[in-house]
Amino acid sequence: MSGSTTGRAAELAANLARVEERITRACVTAGRAREDVTLVVVTKTYPADDVRLLAGLGVRQVAENRDQEAAPKADACADLPLTWHFVGQLQTNKARSVVRYADFVHSVDRPRLVGALSSAAEREGRRVGCLLQVALDRETGAAGRRGGVAPDAVGELADEVAAAPGLWLAGVMTVAPLSGPYAGKPGAAFERLGEIATALRANHPAATMVSAGMSADLEEAVAAGATHVRIGSAVLGVRPGLR
Ligand SMILES: *Cc1c(COP(=O)(O)O)cnc(C)c1O
């Protein structure tokens, strides 16, 4: 390895260790087993070389939020034992590309997208795990600005995913809202997501994934029962600009 590669590997290793320690401490505080929480490293804006270094450090779950960036990166890392998560807002015309590499899509929020993912997955001979992205900045009505289905529409959308060929219903996801009653209260937001997840499992017992928590609020997410935390900047560094 070149000097700079070794330096980057050491930096990523140190960051990973810090994040691992935070997750472990949060699990202890919450009385949860460490293995009940999966770290998903969000590699958006960082190159495939970083993904490769992370894989060498034991990372197995990675996430991306834009297909234009994710598709070539996943391609460049096809030899690595990685599970790919798609966590960004998704246009229906990108569904076919995304299902080629994504094992999980965390941002399913409307019937049209379910239809597009389903036909794409069928055509590609894939079975894609779908998480419903819940918009907690509105309890009813259409999706919020950052995407997501309103809590009162989760049940209906879940039934559509469960009935869609090529897809399976894996769980729910949220991003701590910037507006509405949960603004600045990630803990309360993630507790609400936990309630929604529990209600969902009454009809869909296999939908056990609860994707919540990012670099700034992973402790609140673990306390509220998240099974998957999506961590970008705390592992890879602060991204230039708002992505
Ligand atoms: C970028 C991103 C993350 C990671 O955010 P950090 O604050 O960098 O940890 C998590 N989830 C989604 C949906 C993202 O787009």
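These notebook entries record what I looked up in a predicted model.

**Entry 1. Ground rules.** I number residues from 1 along each chain as its sequence is written, and side-chain values use heavy atoms, with hydrogens and water left out. Because the model is predicted, local features need pLDDT of at least 70 and side-chain atom pairs count only at pLDDT 80 or more, while totals for chains, interfaces and linings use all residues.

I then looked up polar contacts (pairs of N or O atoms within 3.5 Å). A polar side-chain atom of Ser215 lies 2.5 Å from an oxygen atom of the ligand. For Lys44 the corresponding distance to a ligand oxygen is 2.7 Å, and for Arg239 it is 2.7 Å. The ligand taken alone exposes 390 Å², of which the protein buries 88%; these areas come from the Shrake-Rupley method with a 1.4 Å probe.

**Entry 2. The second largest pocket.** I looked for open space on a 1 Å grid over the protein atoms alone; a pocket is an open set of points where a 1.4 Å probe fits, with protein on both sides within 12 Å along at least five of seven lines, and lining residues have an atom within 4 Å of a point. The second largest pocket has a volume of about 180 Å³, counted as the space filled by probe spheres set on the points. Its lining includes Leu16, Glu20, Thr38 and Arg60. Helix H1 (3-30) and strand E1 (38-42) each supply at least two lining residues, and E1 gives the most, with 3. Helices (H or I, at least four residues) and strands (E, at least two) are DSSP runs numbered from the N terminus. The lining divides into 5 nonpolar, 3 polar and 2 charged residues.

Entry 3. In helix H2 (residues 48-56), I found Asp50, Val51, Leu53, Leu54 and Ala55 buried, that is, under 20% relative accessible area. Gly58, which follows H2, has a positive phi near 100°. Gly58 also lines the second largest pocket. In helix H7 (residues 186-203) I looked up Leu193, which is buried with a relative accessible area of 0%.

Definitions and conventions: A polar contact is a pair of N or O atoms within 3.5 Å; within protein, one must be able to donate a hydrogen and the other to accept it, and residues adjacent in sequence count only if both atoms are side-chain atoms. Ala, Val, Leu, Ile, Met, Phe, Trp, Tyr, Cys and Pro count as nonpolar, Asp, Glu, Lys and Arg as charged, and the others, Gly among them, as polar. Buried means under 20% relative accessible area, exposed over 50%, partly exposed in between (1.4 Å probe, protein chains only).
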